[in-house]
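Thanks, everyone. I will keep this short. Please have the model up on your screens.

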Amino acid sequence: NGLNVKETLSRTGGTVDAAAGDVLFSGTAAQAIPTGFFANNTIHKLALDNTAGLTLSTTTNLTGILEVLSGALTTNGNLVLKSTATGSARIAAVTGSIVGEVTVERYIPQGKRAFRFLTPGVTTTNFISNNWQTGTHITGSTSGENGFDTTLTGNPSMYAYNNTVASGSGWNAIANTNATTLTAGNGYRILVRGDRNVDLGQSSAANMNAAVTLTAKGTLKVGQV
């Protein structure tokens, strides 16, 4: 099902269910998504083809595809690219522009307690402690210094990759989580034990205790990469 919006949205009662639908904004004047217009603030596919632009005035959860064909999509920090067991939202080639911060999720299903190789889709303006660390423990201290979760050994569980080093693996443990941001396109190696309910004082388990959703909020990597 598709909804082609050419005028300003308004609501006098009820909501539009676009959880499995496609919504195209193709007006000639500036458009906006108001609070409460879409059920659960969720859209499967969002497309913008309006040179006057579209503003997200409320949280907008995208589960499918974002297409910015023309005009500026001004997020106001309200756009969330969802990631679940059934799939992750993605962005098609951007020929317009995206202005503002976006939250990008990464769902990790319950499985082995192991290192995962990841890169965020955004460069964050806030620190790791307010992004990926809200979903899983990140360790590197026996006392909780530098924003790390405390463990008996203090062994690091997150590394950043440097591909310019002349020798060695290129992996370096991050120095802290309370003063370091994530950078889109950079490689990271992070031990995922499970969610933040894991007891770090107990012996290491072989498997994650639960599935994990990591979130990062910042500026998208758009253009030539």
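Ground rules first. This is a predicted model, where local features need pLDDT of at least 70, side-chain atom pairs count only at pLDDT 80 or more, and totals for chains, interfaces and linings use all residues. Residues are numbered from 1 along each chain as its sequence is written, and side-chain values use heavy atoms, with hydrogens and water left out.

Sheets, then. Strands here are DSSP runs of E, at least two residues, numbered from the N terminus. Two strands pair if DSSP finds at least two bridges between them. As a reminder, pairing in a sheet goes through backbone hydrogen bonds, either parallel or antiparallel.

Start with the antiparallel sheet. It is open, has four strands, and runs in the order β14-β20-β18-β19. Which strands sit at the edges? They are β14 (114-118) and β19 (171-173), and each pairs on one side only. From one strand to the next, the twist averages 30°. That comes from axes, which are lines fitted to C-alpha atoms, with angles from 0 to 180 degrees between N-to-C directions.

Now walk across it. β14 and β20 are antiparallel and joined by five bridges. F117 has R189 as its bridge partner in β20. Next, β20 pairs with β18 over three bridges, again antiparallel. Here M158 stands opposite I190 of β20. Finally, three bridges join β18 (residues 158-161) to β19, also antiparallel. Y159 takes A173 of β19 as its bridge partner.

Stay on β20 for a moment. How many of its five residues are buried? Five of the five are, so to speak a mostly covered strand. Buried means under 20% relative accessible area, exposed is over 50%, and partly exposed lies in between, with a 1.4 Å probe and protein chains only. Y188, I190 and V192 point one way from β20. R189 and L191 point the other way. All of these are buried.

On to the parallel sheet. This one is open too, with four strands in the order β3-β5-β7-β12. β3 (31-33) and β12 (97-99) each have a single partner strand, so one side of each has no neighbour in the sheet. Neighbouring strands are turned by 20° against each other on average, direction ignored. Inside the sheet, β5 (residues 54-56) and β7 (residues 72-74) pair in parallel over two bridges. L54 stands opposite L73 in β7.

Salt bridges next. The rule is a side-chain nitrogen of Lys or Arg within 4 Å of a carboxyl oxygen of Asp or Glu. How many does that give? Three.

The K45 and E67 side chains meet at 3.7 Å, N to O. K45 is in β4 (residues 38-49) and E67 is in β6, so this pair ties together parts 22 residues apart in sequence. Both ends are partly exposed: K45 has a relative accessible area of 22%, and E67 has 23%.

Next pair: E105 and K82, with the closest N and O atoms 2.9 Å apart. This links E105 in β13 (residues 102-108) to K82 in the loop between β8 (79-81) and β9 (83-84), 23 residues apart. E105 counts as buried, at 12%. K82 is partly exposed, at 25%.

Then D149 and R196, which meet at 2.7 Å, N to O. D149 is in β17 (residues 149-150), while R196 is in the loop between β20 (188-192) and β21 (212-220), 47 residues apart. Is each end buried or partly exposed? D149 is buried at 11% relative accessibility, and R196 is partly exposed at 35%.

S70 is in strand β6 (residues 60-70). S70 is buried, with a relative accessible area of 14%. Its side chain reaches the backbone nitrogen of N50 at 3.1 Å. Leaving out residues up to four places away in sequence, S70 touches L48, D49, N50, T51, T95 and G96. Contact means heavy atoms within 4.5 Å.

N130 is in the loop between β15 (122-124) and β16 (139-141). N130 is partly exposed, at 47%. Its side chain makes a polar contact with the side chain of N126 at 2.8 Å. A polar contact is a pair of N or O atoms within 3.5 Å; within protein, one must be able to donate a hydrogen and the other to accept it, and residues adjacent in sequence count only if both atoms are side-chain atoms.
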